[in-house]
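Please keep the sequence and the structure in view while reading.

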Amino acid sequence: NDNNNNNNDNDRIRMHYLLDHPDHLEMFRPAHNERGPNKNQRQRQFRVVLKLDTGYHRAGAPWDDPESVELAWQAETLPAVELVGVYSHCG
């Protein structure tokens, strides 16, 4: 049955990557030349969430540091990255 073998977006596992340091961007750079189904358009294949430290000092980029905003901009400029949100451990 073709319906059982249908590989659409609902059948895939969606993974999000937490980003809290500029060095972590390096793992996404090799994918920037890969192309999607439309060979003229790059495919955004990594869904990234910016991890912010909101005061508990557990992990994350400091929420009040301008470099954290710069980190978000750097992530968004990588063709293989889709910045989808922010995350914080609140307690």
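## Surface and basis of the model

The protein chain has an accessible surface of about 6900 Å², and 48% of that surface belongs to carbon and sulfur atoms; such areas come from the Shrake-Rupley method with a 1.4 Å probe, and for residues only the protein chains shown count as cover. Of the 91 residues of the chain, 22% count as buried, where buried means under 20% relative accessible area, exposed over 50%, and partly exposed in between, with a 1.4 Å probe and protein chains only.

This is a predicted model, in which local features need pLDDT of at least 70 and side-chain atom pairs count only at pLDDT 80 or more, while totals for chains, interfaces and linings use all residues. Residues are numbered from 1 along each chain as its sequence is written, and side-chain values use heavy atoms, with hydrogens and water left out.

## Order of the elements

The protein chain has one helix and four strands, which follow one another from the N terminus as β-β-β-α-β. Helices (H or I, at least four residues) and strands (E, at least two) are DSSP runs, numbered from the N terminus.

Among the contacts (heavy atoms within 4.5 Å) between residues at least 6 apart in sequence, 66% join residues at least 24 apart.

## The aromatic residues

The structure holds three aromatic pairs. Rings of Phe, Tyr and Trp (its six-membered ring) pair if their centres lie within 6.5 Å, and planes under 30 degrees apart count as stacked, over 60 as edge-to-face and the rest as tilted.

Phenylalanine 28 counts as buried because its relative accessibility is 2%, whereas tyrosine 17, at 26%, counts as partly exposed. Tyr17, Phe28 and Phe46 form one aromatic cluster.

## Serine 68 and alanine 61

Serine 68 is found in helix 1 (residues 66-77) and, at 6% relative accessibility, counts as buried. Leaving aside residues up to four places away in sequence, serine 68 touches Leu50, Leu52, Ala61 and Pro62.

Alanine 61 belongs to strand 3 (residues 61-62) and counts as buried, since its relative accessibility is 4%. With residues up to four places away in sequence again not counted, alanine 61 touches Asp20, Lys51, Leu52, Asp53, Ser68 and Leu71. The C-alpha atoms of alanine 61 and leucine 50, which stand 11 residues apart along the chain, are separated by 8.0 Å.
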